[in-house]
Amino acid sequence: QVQLVESGGGSVQAGGSLRLSCAASGNIDSIATMGWYRQAPGNQRELVATITIRDNINYADSVKGRSTISRDNAKNTVYLQMNSLKPEDMAVYYCYAAGVRSGPLYTDYWGKGTLVTVSS
């Protein structure tokens, strides 16, 4: 079994920064794509950013230019640096790992989420 554990959420004022981390642990040979999604109250879960094992990156337009995603393949960890945070960035942020290879099996996993609160 594979677990994703997020950290780094918290409360900041508008204009501030946060760095989220997500470490995957368990029986892992490789992870094709890691990323972050978020869900604000009353809204659907939406993409924030993803990064493939070959460092192909995709950002949501809402965070482009303010956020940087990176990963450490040796540690099976993905990071999200968020700057110039806005109240509309407030949400629960979920880590996502797609194409997690464990022997012959490929599976997708979600973390439990970490809350980001931005006050104006």
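How many bridges join strand β3 (residues 18–26) to strand β8 (residues 77–82), and do the two run parallel or antiparallel?

Mentor: Six, and β3 and β8 run antiparallel. Before we go on, this is a predicted model, so local features need pLDDT of at least 70 and side-chain atom pairs count only at pLDDT 80 or more, while totals for chains, interfaces and linings use all residues. Numbering runs from 1 along each chain as its sequence is written, and side-chain values use heavy atoms, with hydrogens and water left out.

Strands here are DSSP runs of E, at least two residues long, numbered from the N terminus, and two of them pair if DSSP finds at least two bridges between them. For a landmark in your pair, find Leu20, whose bridge partner in β8 is Leu80. Zoom out and β3 and β8 sit in an open, antiparallel sheet of four strands, in the order β1-β3-β8-β7. At its edges are β1 (2–7) and β7 (67–72), each pairing on one side only. From one strand to the next the twist averages 15° (axes are lines fitted to C-alpha atoms, with angles from 0 to 180 degrees between N-to-C directions).

Now follow the chain out of β3. The loop between β3 and β4 holds Asp29, and strand β9 holds Arg101, so their pairing ties together parts 72 residues apart in sequence. That pairing is a salt bridge at 4.0 Å, N to O; the term asks for a side-chain nitrogen of Lys or Arg within 4 Å of a carboxyl oxygen of Asp or Glu. By this rule the count comes to five salt bridges. Asp29 is partly exposed at 42% relative accessible area, and Arg101 is partly exposed too, at 28% (buried is under 20%, exposed over 50%, partly exposed in between, with a 1.4 Å probe and protein chains only).

As for β9 itself (residues 91–102), 10 of its 12 residues are buried.

Arg38 and Asp89 form a salt bridge, their closest N and O atoms 3.0 Å apart.
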